[in-house]
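Here is a short tour of a two-part assembly, written for someone who likes to follow along in the viewer. Please have the sequence and the model open side by side.

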Amino acid sequence: MSTTTPPTPSIPQSPAEGRTAPAGVRVTAAGFTYQHADRERPALADLDLEIEPGEKVLLAGASGAGKSTLLHAMAGVLHEDGDRLSREETAASSGSSAAVEGTSGRKAANAEALNQLLLDGVSPAEARGRAGLMQQDPESQVVLARIGDDVAFSCENLAVPRDEIPGRVSAALAAVGLDYLPLDHPTAELSGGQKQRLALAGILAMQPGLLLLDEPTANLDPEGTVQVRDSVVAAAQATDATLVVVEHRLTTWVDHVDTLVVLEPGGGVRHRVPAQRIHDDTALREELDASGLWLPHREAGARRTAEPSSSRPTRKQGSPLLTASELAVHRKSPRKSWRKGPPVQPVLSGVDISLAPGAALGITGRNGAGKSTLMLTLAGLLAPHGGELIAGPALKGDRGAELPDSPYQWRSADLTSRIGTVFQEPEHQFVRNTVADELRLSAEQAKIPGTRDSLFTEDEVAQRVDRLLGRLRLTHLAQANPFTLSGGEKRRLSVGTALAAGPEVLMLDEPTFGQDAHTFAELVSLLREHLEAGGTVLAVTHDADFLHALDAECYDLSPDPSPPISSDSSAPTNPDVRGLSENQALISTGQSDNTLIKREDSTPLLSAIRDTSWLGRRGPLGKLIALLFITLALIATIDPVSAAVVAVACFALLPVANIRLVTFLKRIWIFAAASLMAVWGAAIAAEESGRVLVDLGVTTISTGSLEMGLSLGARAFAIVLPSVLIFSTTDPTDLADSLAQQLRLPARFVLGALAAMRLLGLMAEHWTTLGHARRARGLGSQFLSQAFGLLVQAIRMATRLAVTMESRGFGAGERSWARRASFTRADGVVVLAGFLIAAAATALAVAAGTWNLVWA
Amino acid sequence: MNTSASVPASSPFRQRWTVSDIVVASTLAVASGVIFWGWNLSYHAVSTLFTAYPPAASLVAGMWLFPAVLGAVIIRKPGAAIYCEMVAAAVSALLGSQWGLGVLLSGLVQGLGAELIILAFLYRRFTVDVAVLAGAAAGLAGGINENFIAAYYQYDTVGTAVHIGGFALSGAIIAGLLPWLATRGLAATGVLGPLKSRRAHKESALSGRVRETSAT
């Protein structure tokens with residue numbers, strides 16, 4: 001092990017000062033070992049590492065070398081299995097930390113206290129707020145719905161005094177270049193790169209001494225990557241914080257750090273060298289290259305897979321497999337337009353694409369340009385909004401001549417054997433318990449058009465599975481659960497499940513995101529085989545190397561839809577210029593409606609923009625109490641009079657909530673339909689009394705049962721109205737503030753629920769994609785499989801979100817609140833109004849003689 | 001909403017919720033809200049099947065109960081059933097529920113039904129029989145609520161019995177057996193790594209003991 005230590009830019013702080021001083025943290029690992037509770041071998045064993053205060057470190061290693069585990073350990077978010085070890089472990093580490101404090105400033109060297117990892121001499125869990133962690137997936141780096149709240153979140157967790165929080169928030173947002181956005185800008189409307197910068201702001205607001213980044217740009221386009229990298233480098237320089245970055249694309253970071261640390265898989269540190277050594281140390285480069293890392297000036301994909309183009313068969317033989325002319329696309333189905341409202345405007349229109357056998361096409365362009373939507377439409381998963389999409393005779397095949405022209409109209413079983421789709425997240429495609437079963441399912445689902453007969457015989461299916469397992473190098477994992485594979489293995493399997501059904505056309509969405517150089521090379525060679533066999537590849541990607549390696553044409557959606565440019569790996573437009581124009585667009589509108597990167601929001605009631613009506617500006621607590629009064633008055637009795645009073649009051653109060661009558665009716669009609677069901681139910685199954693109106697033989701409808709039904713239906717309908725009124729004007733974040741501060745519900749649970757609520761829109765998107773993935777795999781609508789898939793993704797997101805929250809100090813102790821939830825006089829008016837409506841409903845029902853207590 | 005966070009460390013139920021527990025439980029509840037939403041699309045068609053005898057519609061009501069047992073079996077800490085069911089109810093209230101604020105009452109009562117069963121086994125047994133029992137109890141509690149406490153229905157004696165019985169049966173299958181199976185499936189994918197249920201797929205169905213892999 002080499003132990004060259006580059007000069008450190010800052011003066012080491014003593015641990016006592018370290019708690020408040022913003023300067024860099026010293027990291028000391030001695031014999032550090034960690035084993036995940038569900039693994040057989042330790043992720044890290046006997047690791048010795050010393051990182052100087054202010055040192056900038058790039059942490060590398062083959063996949064599975066424990067890089068992320070080490071970062072999590074430094075962030076203090078690794079936990080021992082709750083059932084064992086916890087007490088002794090804590091005692092041991094705090095005891096040893098006292099020992100180290102005495103000799104701090106020197107080298108690690110406390111030989112007796114092995115298996116320890118210390119930040120400035122204290123255990124990471126105790127050094128809360130000193131280290132900030134940024135993970136790979138931008139979605140799970142955002143906790144709250146508005147950017148200001150999201151940055152303030154970490155300050156609140158560290159119990160920063162309320163007066164100090166606004167200053168910290170604006171300073172942090174300025175440091176990452178997001179201060180041009182209003183503080184209540186919805187986090188859901190940020191691009192991936194902006195989300196990562198926001199996460200950095202949240203970390204900087206803690207004024208940490210250690211920045212930990214776990215592949216922070218793996219999911220970003222080149223433009224976002226540069227912006228995030230530059231923000232991180234600038235912040236680390238400005239604060240003198242120690243920086244540790246895990247990344248397998250070394251190129252991005254290596255010229256901005258002091259030191260390169262390479263981990264030994266299953267062991268300790270293999271190398272610790274000045275970062276610049278990577279440019280001239282041939283042996284080191286060879287070794288890193290063999291570990292699947294991306295080196296500067298030697299992009300593995302281009303080198304390993306590039307063959308002379310002349311060796312490829314002549315391209316574009318035969319008639320096109322799939323032709324799009326004047327195609328217009330949108331996520332939402334055009335069929336839904338029978339509902340009133342403005343017709344859906346396609347995100348893209350006038351697209352002309354022709355896919356010829358043996359040719360590859362790359363769809364490129366900035367985020368939000370509609371690349372994925374276009375791909376899903378071409379793949380027959382979304383309905384075209386305009387223009388034509390025609391499958392050629394070569395794609396339909398001999399037995400499929402009768403198929404409609406548009407792939408969207410095909411059965412899923414006919415689609416899967418003609419057009420295979422590989423989704424950005426491989427897990428979306430997994431529906432079976434073992435790797436072999438996944439491949440077998442694909443082969444079995446391919447059917448002969450118009451029949452339920454399999455395209456392949458049983459022997460053929462078995463052959464295809466075996467051959468693919470071997471080709472994908474997954475034979476030894478044939479019985480493994482697909483979800484437990486590594487990232488690269490999952491990617492290979494996801495391509496395999498598409499290929500197993502034998503499609504001519506293969507569509508891939510960002511297949512190289514987050515992949516190491518090994519997987520990249522394998523992917524390229526798999527796809528080249530597919531091309532050479534006369535198939536077609538269409539990839540949505542930001543990866544110019546990938547397109548170059550496939551010798552692909554490029555269809556760039558960036559400025560405006562334009563005809564295909566016939567050039568290999570066209571250089572992307574200067575990202576800085578694009579980033580600037582994006583910012584300027586936002587400044588000039590000065591509004592939070594950023595149409596460039598707007599995502600679909602399927603949950604209108606949970607938007608981050610506060611309601612500005614009179615009712616919308618009132619505190620949640622008053623509204624909740626008012627709602628409680630009214631609901632209680634309705635539940636206490638089954639009578640039409642009190643229901644009518646409440647309904648009338650709600651309609652009369654619409655102006656206070658600034659809701660138009662039409663909007664309100666649209667929102668409640670479905671509940672009216674449900675109450676009719678309640679009327680019917682009681683009419684035929686309630687206790688009969690009075691005159692018999694209808695005799696159905698088995699049962700009868702009498703005046704008594706019908707009256708009961710009408711009362712129940714009216715009551716059910718009336719219960720909904722005030723809650724729709726109140727909840728359409730209540731912001732979930734304010735509600736959570738109020739529940740935790742005023743009602744004193746446990747803050748950890750309230751904020752946990754609030755953070756999860758933000759994932760709602762995201763989960764709706766997952767649900768849709770899971771549906772697409774099932775159709776692409778030749779399966780029909782499968783509710784349980786889709787629900788299970790959603791649970792897996794939900795738990796994955798939740799686990800990462802929990803790490804984010806914990807690394808920002810959440811859940812450990814007393815917290816402060818950036819906003820005080822207070823009860824004003826106007827809130828009193830709301831409560832009084834609620835009480836009066838409830839009282840009036842009850843009084844009028846009593847006066848009319850219809851009031852009857854249900855519990856009597 | 002939940003009191004387990006403040007239970008003193010010395011009590012037999014001292015298992016404090018970790019941040020992962022809280023966020024996963026909350027997310028499960030919110031995801032359940034999304035599944036409700038997907039289910040609601042099919043429910044309109046399903047409910048018409050019961051037009052002939054509406055009290056029997058409770059046979060599919062278990063779909064609204066599954067977060068309770070799912071949360072309890074995955075999180076395995078006190079309060080999980082009530083918490084998940086109530087957050088799921090709160091989400092549906094926010095999205096505009098058929099029962100308005102009344103869903104919170106339903107969520108509390110149904111969650112309590114499941115929680116009591118898990119409590120009876122001292123938060124130590126998460127076997128298939130306990131899950132089915134807890135689902136049935138959630139259904140029973142839900143039936144009692146809808147017929148007597150919130151009283152959304154006023155059926156005759158037979159109708160009430162059918163409604164409550166159907167509720168419990170549906171709860172046992174849809175909200176007991178299915179969540180138990182789902183938990184095993186989830187554990188097999190490895191996503192439950194940070195949680196106590198991470199080895200659920202290796203537990204025997206009735207004894208709950210982890211089967212050791214006899215590799216040596």
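Which residues does A:Leu58 touch, not counting residues up to four places away in sequence? They are A:Val245, A:Glu247, A:Leu250, A:Trp253, A:Val254, A:Val257, A:Leu260 and A:Ala275. Touching, or being in contact, means here that the C-beta atoms of two residues, placed from the backbone, lie within 7 Å.

## About the model

This is a predicted model, in which local features need pLDDT of at least 70 and side-chain atom pairs count only at pLDDT 80 or more, while totals for chains, interfaces and linings use all residues. Residues are numbered from 1 along each chain as its sequence is written, and chains are lettered from A and ligands numbered from 1 in the order in which they are written.

## Chain A at a glance

Chain A holds 30 helices and 19 strands; helices (H or I, at least four residues) and strands (E, at least two) are DSSP runs, numbered from the N terminus. Of its 856 residues, 53% count as buried. A residue is buried if 20 or more other C-beta atoms lie within 10 Å of its own, exposed if 12 or fewer, and partly exposed in between, with C-beta atoms placed from the backbone. Among the contacts in chain A between residues at least 6 apart in sequence, 77% join residues at least 24 apart.

The domain assignment, whose bounds come from an automatic or database source, divides chain A into domain 1 (15-298), domain 2 (304-335 + 344-563) and domain 3 (615-736 + 825-848). Taken over C-alpha atoms, the centres of domain 2 and domain 3 of chain A are separated by 52 Å.

## The six-stranded sheet

Six strands of chain A make an open sheet in the order β5-β6-β7-β3-β8-β9, with mixed pairing. Two strands pair if DSSP finds at least two bridges between them. At the edges are β5 (131-134) and β9 (269-274) of chain A, each pairing on one side only. From one strand to the next, the twist averages 15°. Helix α2 (residues 67-75) of chain A lies across β3 (56-60), β5, β6, β7 and β8 (259-263) of chain A, and runs at about 150° to β6(A); axes are lines fitted to C-alpha atoms, for helices over the stretch in contact, and angles run from 0 to 180 degrees between N-to-C directions.

Strand β7 (residues 242-246) of chain A pairs in the parallel sense with β6 (residues 210-214) of chain A over five bridges. Here A:Leu211 has A:Leu243 as its bridge partner, and A:Asp214 has A:Val246. β3(A) also pairs with β7(A) in the parallel sense, over four bridges, and A:Val57 is bridged to A:Val244.

Is β7(A) enclosed, or open? Five of its five residues are buried, so β7(A) is largely enclosed by the rest of the structure. A:Thr242, A:Val244 and A:Val246 are buried on one side, and A:Leu243 and A:Val245 on the other.

## The five-stranded sheet

A second open sheet to look for has five strands of chain A in the order β14-β15-β16-β12-β17, with parallel pairing. β14 (419-422) and β17 (553-556) of chain A stand at its edges with a single partner strand each, so one side of each is left without a neighbour in the sheet. The twist averages 15° from one strand to the next.

Strand β12 (residues 360-364) of chain A pairs with β17(A) in the parallel sense over four bridges, and A:Thr364 has A:Asp556 as its bridge partner. Helix α12 (residues 371-378) of chain A packs on this sheet, touching β12, β15 (505-509) and β16 (536-540) of chain A, and its direction makes about 150° with that of β16(A).

## Two positive phi values

A:Asp120 has phi near 50°, a positive value in a residue other than glycine. A:Asp120 is found in the loop between β4 (116-119) and β5 of chain A, and is buried, with 28 other C-beta atoms within 10 Å.

A:Asp240 is not a glycine either, yet has a positive phi of about 60°. A:Asp240 sits in the loop between α7 (222-239) and β7 of chain A, and is partly exposed, with 19 other C-beta atoms within 10 Å.

## Where the chains meet

In this model 71 residues of chain A are in contact with 55 residues of chain B. The largest share of chain A's side, 16 residues, comes from α29(A).
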